[in-house]
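Subject: Model for your files

Hello,

Here is the model I said I would pass on. My notes follow it.

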Amino acid sequence: MLRRVNPGLPRGGEVAFFEVSHSGETFKVNLRRTNAARRFTLRVRAPSGDVVLTMPARASLCDARSFAERHAAWIGMRLRRLPRRASFEPGELVPLRGVLHRVTSRRALRGSVWTEAPCATETGEPLPLLCVNAEPCFVARRVRDFLVAEARRDLEAAVERYARALGVRPRKVTLRDTRSRWGSCSSAGALSFCWRLVMAPSFVLDYLAAHEVAHLLHMNHSAAFWAAVSATCRDSARAEAWLQAHGASLHRFALESRGEDGRGSPGQAAGVGAAEAAATSSRRLR
Ligand SMILES: [Zn+2]
């Protein structure tokens, strides 16, 4: 068997990606063959910006390429619309309970991470500071750990409040970095939340807590479930609308500007929902 040296040809001789161009820009399109696929589907994953073309097992590469070429303008448009990737490094703007804070490395005798009110004499837009007592290279990790700890505090307090109001008791509260769901409730009564909720306005985190606690009474989205939610939380619709409009932006933060999220295991990237855009056919695009 002939071996060809070509980055697009992994083992087995199958093409793993090709490049398409539009208006002087070139885009890498990764290919994924599945038996389940009935047609070509093009996706631009957020926040990595990976372009993936899913194709039926028996479809020809020639057809795949021409499909991608027909949608090259769409790929460029989706990539331009992706939210800018951001980190927790010094100088970055990070939302805490819906308020933007500027991350600052500040050496001090005591304290690890703390907030300070906007400085009146500062030039430019005065923003509250998120001060980190660490060398700049350790700041991002400290900020992330701080946000996870704050999220835990806020979520445990909110869960406690709503559980008492509804007369239920969760078995435990776990924080994760989930991409597809903001919260969940297991049949055993364990609640799980995405720690990134602490970056959203507080009414959003409160609503998620109320929602998952109400599942301890009703493991469904029945009218009785929604009645339990609205008995304790009045912001359901407002919070759902906020997550729809801004939820994906909470996922653009990574420990470093590139990396962490960029590793993108295929399983994790599946079912991203609002953070992902897909073109399933040219009909849907025009
Ligand atoms: Zn639910």
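The model is a predicted one, in which local features need pLDDT of at least 70 and side-chain atom pairs count only at pLDDT 80 or more, while totals for chains, interfaces and linings use all residues. Residue numbers start from 1 along each chain as its sequence is written.

The sheet

Strand 5 and strand 6 (residues 99-105) run antiparallel and are joined by four bridges. Strands count as paired if DSSP finds at least two bridges between them. Two residues lie between the strands of this hairpin, and arginine 97 takes a positive phi near 50 degrees there. The two strands belong to an open sheet of four strands, in the order 5-6-8-7 and with mixed pairing. Strand 5 (93-96) and strand 7 (113-116) stand at the edges with a single partner strand each, so one side of each has no neighbour in the sheet. From one strand to the next the twist averages 40 degrees (axes are lines fitted to C-alpha atoms, for helices over the stretch in contact, and angles run from 0 to 180 degrees between N-to-C directions).

The chain as a whole

The protein chain has eight helices and 12 strands; these are DSSP runs, H or I of at least four residues for helices and E of at least two for strands, numbered from the N terminus. Of its 286 residues, 27% are buried. Buried means 20 or more other C-beta atoms within 10 Å of the residue's own, exposed means 12 or fewer, and partly exposed is in between, with C-beta atoms placed from the backbone. Among contacts between residues at least 6 apart in sequence, 61% join residues at least 24 apart; a contact is two C-beta atoms, placed from the backbone, within 7 Å.

The cores

A nonpolar core is a set of buried Ala, Val, Leu, Ile, Met, Phe, Trp, Tyr and Cys residues joined through C-beta atoms within 7 Å. The largest has 43 residues, and Val143, Val159, Leu197, Leu205 and Ala209 have the most contacts inside it. At least two of its residues come from each of strand 8 (129-132), helix 3 (136-166), strand 11 (190-194), helix 4 (202-214) and helix 5 (223-232). Helix 3 gives the most, with 11 residues. Another core, of 13 residues, lies apart from this one and includes Leu42, Val51, Ala64 and Ala72.

Neighbours within four places in sequence aside, leucine 205 is in contact with Asp154, Leu155, Ala158, Leu197, Val198 and Ala200. Alanine 200 is also 8.6 Å from histidine 246, C-alpha to C-alpha, although the two are 46 residues apart in sequence. Histidine 246 is in helix 6 (residues 236-246) and is partly exposed, with 17 other C-beta atoms within 10 Å.

In helix 5, the buried residues are Ala228, Val229 and Thr232. Seen down the axis they fall within an arc of 100 degrees, so they line one face of helix 5; the arc is that of the directions from the helix axis to the C-beta atoms. They pack against helix 3, helix 4 and helix 6. Ala223 and Ala227, on the other side of helix 5, are exposed.

Helix 2 (residues 72-81) has Ala72, Ile75 and Arg78 buried. Their arc is within 125 degrees, so these residues also line one face of the helix. Arg80 and Arg81 are exposed, on the face of helix 2 turned away from its buried side.

Regards
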